[in-house]
Amino acid sequence: MNTAAAIDAPSLRPAFADIEADGRALRLECLWIASERATAPLLVFLHEGLGSVAMWKDWPAQVCKAAGCRGLAVSRYGYGQSTPRPLQEKWPVDFMHREARDVLPALFAALGVDALRDKPVLFGHSDGGSIALLYAAMHPEAVAGIVVAAPHTFVEDVTVANIALARQAYLDTDLRSRLARYHADVDSAFWGWNDIWLNPDFRRWNIENYLSDIACPVLAIQGVDDEYGSLAQIRGIRRHAPQTALLEIPGCRHSPHKDQPAIVIQAVADFIDALDKPGRP
């Protein structure tokens, strides 16, 4: 996350989905985009470690318009207006695995999305990108393609160092008040993310062994100047999943959709367009 970026919350009217996952009842914030395009491809937006439905602002609507698709943005448990995480609860090391394996399928079922028939396309940013990769590996028949922006497949020193800096910024600057515009319980959102990434046990987290199970087309995007990860992240995805197309963007940091929105919108639109054509990526 670029903590220096300006934060302005839009006016959104989300809906909610009630699901049972990981042994608990959860209410997840959802926002449908262009739902009247009932037969168009479904693009599902999976947010970063501090993101939410509102944090996307109007970018999902821009993408859906350019791609001629409908969209679904979701706030994960502990984020946005979804069920907050109790402060004493810590995310487990495999929290992204659980999101991909259990939560997303439960969410699709609650919303009446038949993923085996409709085969959504996932757009995941940062942690959301990692979840998209895991979902595609775990449910290969229930996804048409994935776009991952600044995903993590293993833990790098640069990632941990900048997450530690974000912790200090949360304590010492106005970061907390700025993030509070996007989360019903901002401490739930921030400390859930920050604590697990700075947990020494998380240094061994690695999902590279899942990547070869991904059968669908993949577009992996990363800023050349990403402060939260090196280009080894997306280059490693292509090494394990050769059908992956890479987009490395100069003058771009950890949030390609914010830093270079036009480039990313066009890339996503082209990717979705190619999925229905022979010789797709």
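**View A. Ala34, a buried residue in a loop.** Ala34 counts as buried, with a relative accessibility of 18% (buried means under 20% relative accessible area, exposed over 50%, and partly exposed in between, with a 1.4 Å probe and protein chains only). Ala34 sits in the loop between S2 and strand S3 (42-46); helices (H or I, at least four residues) and strands (E, at least two) are DSSP runs, numbered from the N terminus. The phi of Ala34 is near 50°, which is a positive value in a residue other than glycine. This is a predicted model, in which local features need pLDDT of at least 70 and side-chain atom pairs count only at pLDDT 80 or more, while totals for chains, interfaces and linings use all residues. Residues are numbered from 1 along each chain as its sequence is written, and side-chain values use heavy atoms, with hydrogens and water left out.

**View B. Ser126, between strand S5 and helix H4.** Ser126 is not a glycine, yet its phi is positive, at about 60°. The residue belongs to the loop between strand S5 (121-125) and helix H4 (127-138). Its relative accessibility is 5%, so Ser126 counts as buried.

**View C. Helix H2 and its kink.** H2 has a kink of about 35° at Val103, shortly before the proline Pro105; the bend at a residue is the angle between axes fitted to the seven residues ending there and the seven starting there. The buried residues of this helix include Phe95, Met96, His97, Glu99 and Ala100. Val103, where the kink lies, is also among the buried residues of H2, as are Leu104 and Phe108. Just after H2 comes Gly112, with a positive phi of about 75°.

**View D. The second largest pocket.** This pocket has a volume of about 160 Å³. On a 1 Å grid over the protein atoms alone, a pocket is an open set of points where a 1.4 Å probe fits, with protein on both sides within 12 Å along at least five of seven lines, and lining residues have an atom within 4 Å of a point. Grid points are joined across faces, edges and corners, and the volume is the space filled by probe spheres set on the points. Strand S2 (24-33) and helix H2 (95-110) each supply at least two lining residues, and H2 gives the most, with four. Among the residues of the lining are Phe95, Arg98, Glu99 and Val103, along with Ala21, Tyr77 and Trp91. The lining divides into seven nonpolar, no polar and five charged residues. Here Ala, Val, Leu, Ile, Met, Phe, Trp, Tyr, Cys and Pro count as nonpolar, Asp, Glu, Lys and Arg as charged, and the others, Gly among them, as polar.

**View E. The salt bridge of Arg203 and Asp157.** The side chains of Arg203 and Asp157 meet in a salt bridge at 2.3 Å, N to O. This pair links distant parts of the chain, 46 residues apart: Arg203 is in the loop between helix H7 (186-197) and strand S7 (218-223), and Asp157 is in helix H5 (residues 157-172). Arg203 is partly exposed at 37% relative accessible area, whereas Asp157 is exposed at 59%. A salt bridge is a side-chain nitrogen of Lys or Arg within 4 Å of a carboxyl oxygen of Asp or Glu, and by this rule the count comes to 14. Side chains of opposite charge can pair when their charged atoms come close.

**View F. Further salt bridges.** Asp18 and Arg27 form a salt bridge at 3.0 Å, N to O. Asp18 is exposed, at 52% relative accessibility, and Arg27 is partly exposed, at 42%. Arg204 pairs with Asp201 at 3.7 Å, N to O; Arg204 is exposed at 65%, and Asp201 is partly exposed at 41%. Lys90, Arg167 and Asp195 are linked in a network of salt bridges.

**View G. Cysteines without a disulfide.** The whole structure has zero disulfides, a disulfide being a pair of cysteine sulfur atoms within 2.5 Å. For Cys64 the closest cysteine sulfur is that of Cys69, at 3.9 Å, too far for a bond. For Cys216 the closest cysteine sulfur is also in Cys69, 16 Å away and likewise too far. Cys64 is buried at 1% relative accessibility, and Cys216 is buried at 4%.

**View H. Phe271 in helix H10.** Phe271 is part of helix H10 (residues 261-275). At 5% relative accessibility this residue is buried. Phe271 and Glu156 are 115 residues apart in sequence and 29 Å apart in space, C-alpha to C-alpha.
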